[in-house]
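Here is a brief report on one protein chain.

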Amino acid sequence: MPLISLSEVSLAFGGYPLLEGINFRVEPGERVCLLGRNGAGKTSLLRLLAGAGQAEAGEISRGVGLSIGYLPQDVPAGLEGEVYEIAARALGEQGRALIELRRGQVGRQGLERCDDQELWRQDHRLQSVLSRLGLEPAARAENLSGGLKRRLLLARALAGGPQLLLLDEPTNHLDIDAIVWLEDFLAGYPGALVFVSHDRAFSRRLATRAVELDRGRIFDFNCAYEEFLRRREEALLNEQEQRARLDKKMAQEEEWLTRGLKARRTRDEGRVRRLMHMRAERARRREVLGAVRLRTPEAGLSGKVVAEAEDVHFAYGEMPVITGFNTLILRGDKVGIIGPNGSGKTTLLKVILGELSPQRGRLRLGANLEVAYFDQMRQELDGDKTVQENLAEGQEALMVGGRQRHVISYLKDFLFSPDRARSPVRVLSGGERNRLLLAKLFAKPANLLVLDEPTNDLDRETLELLENLLVEFAGTVLLVSHDRRFLNNVATSTLVLEGGGAVGEYAGGYDDWLAQRAVSRAQASSTPKAAKAAKPRPKPERPPGLSFRQRRQLDEMPARIEALEREQAALHEKVADPELYAKGGREAAAVSARLAALEAEMEDAFAAWEELERLDGRGA
């Protein structure tokens, strides 16, 4: 019995319909990846499934009592209140009890509505989700950035454990650690999942079934992600061949019809009717959306050395962001930069580019650098101006690659129709805004491309084109990204912010870094000091099992560690806030000292946890 099913559903917002008589169903336990080009209607389909939109025709059937968790692509207006309480509301009656407990409005006697153990479990689950997503439970939603608000909406969708999860770009604004955690969480999730994501590694890991929305139709081969991509490519090739045969046959019949009256004799009326039918079929045809045409007008060669850093230190007040950083970036290098949110990736970029001066150490920039910068916050775009005005500042033409191009013609390369080019930027989707930023980026010559999270909201086809362009680009690339596949395909080396201001440098992309990190840890564990620490030592005899006090400590240890992690995440948020340093060095120094103390406390807590589990296993 399907959880939800769509029968002959149609939807349009002017022009071609987004959904044209589609049939779609979700079975219990399925993890469905919904693919499609930017603007194909994926978000609209998820809204229909969530009950947040209305179809123009067709029927949507939902299972009796079906619970749905929904993460929208955009943050709704008026999201206010405490983070914990907003997420807890997804738990229904139990959530209201938790909120009342948190506010101190009821005591334990007031929990007859909810089972005590179940209430504790729900609170533990909610606190864990918030911690993993880097959210402080006591923070106010109205004070959060747009990215953190989306994390809060994701936490709310996950918290209730609904039968059906609908997630629209869940990895946007998450760092790699959070994405990996979310993958693990969803891989073990007992309910069904329908998700839209352009993160290919995420989709490959999770999807048990992939479907594509294309030109108003659903393509569903009822197979996993990789097999779907192969079959879909074959189907597109077959479609192109069939259309080519139809066009050839139609051209022949049109030529026959123009020969004169003989062609329209009674005995040939059937042939004329067939031609009319072909004309109607051709008129109904919706062409495949073309590919973005990416070209980089390259500037003259930069110097062989693009940037060289020796023992560079940078801090905001007394809070170190980069310590002892050394690197040599040569012309043609493709350098990936990864690290947790708030760890200082954008700061590292600005230091490498010379926009921020290090407090210690030496930075040398190469000669003849022409820099083009892709801004993840899209601050270069004015929402009230049109696409055309944002690109060319009111001009009808611009110089691209040494020749003059009309703005509308150039925007067509990035899949903007003339009408869309004259629309204000505020009405664009996330993918369209990123395409506009790419259009601005590639309109001017450069030999150093700096890309800060360029992959958000881009569809798979555009991502692959951007990958190929960067690989073939003769200049240098600095790339901040949480897209692991993108890093693997582009980066020739990777800079990793490893905490405490340390920046490690590794050959290759993300998977190469994981492999090298594993080797480094294995080598570190085999040092004489580690070997000595691991050497068996006589221990005093203990009674088997855990005492009552130790058992209580073991039960409380996960919550204690999660509390430390939440505090650490909150302090990292403070570190990323420039206002901290505007208040003077004293508060920044206090935050730095507390972060250092937290590291030690967490190490001690993990060590104590391992020891208690060892004793518990011995007692078993």
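## Helix H15

How many residues does helix H15 have, and what distance does it reach from its first C-alpha to its last? In this predicted model, H15 covers residues 460-472 and has 13 residues. The helix reaches 19 Å, close to the 18 Å expected at 1.5 Å a residue.

Which residues of H15 are buried? They are Thr-462, Leu-463, Leu-466, Glu-467, Leu-469 and Leu-470. Seen down the axis of H15, these buried residues fall within an arc of 165 degrees, so they line one face of the helix.

What covers the buried residues of H15? The cover includes three helices: H7 (200-206), H14 (430-441) and H16 (484-490). It also includes three strands: S12 (334-338), S17 (448-452) and S18 (476-480).

Helix H6 spans residues 176-187 and has twelve residues. From its first C-alpha to its last it reaches 16 Å, close to the 16 Å expected. The buried residues of H6 are Ile-176, Ala-178, Ile-179, Trp-181, Leu-182, Glu-183 and Leu-186.

Trp-181 also belongs to an aromatic cluster, where ring pairs link it with Phe-185 and Tyr-189. Across the whole structure, a search finds seven aromatic pairs.

## Charges over rings

Two arginines lie over aromatic faces. Arg-435 lies over the face of Phe-416, at 5.2 Å from the ring centre. Arg-517 lies over the face of Trp-513, at 4.6 Å from the ring centre.

## A buried loop residue

Where is Thr-386 found? Thr-386 sits in the loop between strand S14 (371-374) and helix H11 (387-392). Why does Thr-386 count as buried? Its relative accessibility is 17%, and buried means under 20%.

Leaving out residues up to four places away in sequence, Thr-386 touches Ala-421, Arg-422, Ser-423, Pro-424 and Val-425.

## The whole chain

The protein chain has 21 helices and 20 strands. Of its 620 residues, 46% count as buried.

Among contacts with a separation of 6 or more, residues 24 or more positions apart account for 68%. The chain exposes about 30900 Å². Carbon and sulfur atoms supply 49% of that area.

Technical notes
Residues are numbered from 1 along each chain as its sequence is written. This is a predicted model: local features need pLDDT of at least 70, side-chain atom pairs count only at pLDDT 80 or more; totals for chains, interfaces and linings use all residues. Side-chain values use heavy atoms; hydrogens and water are left out. Helices (H or I, at least four residues) and strands (E, at least two) are DSSP runs, numbered from the N terminus. The expected span of a helix is 1.5 Å times one less than its number of residues. Buried means under 20% relative accessible area, exposed over 50%, partly exposed in between (1.4 Å probe, protein chains only). The arc is that of the directions from the helix axis to the C-beta atoms. Contact means heavy atoms within 4.5 Å. Rings of Phe, Tyr and Trp (its six-membered ring) pair if their centres lie within 6.5 Å; planes under 30 degrees apart count as stacked, over 60 as edge-to-face and the rest as tilted. A charge sits over a ring if NZ of Lys or CZ of Arg is within 6 Å of the ring centre and within 35 degrees of the ring normal. Accessible areas come from the Shrake-Rupley method with a 1.4 Å probe; for residues, only the protein chains shown count as cover.
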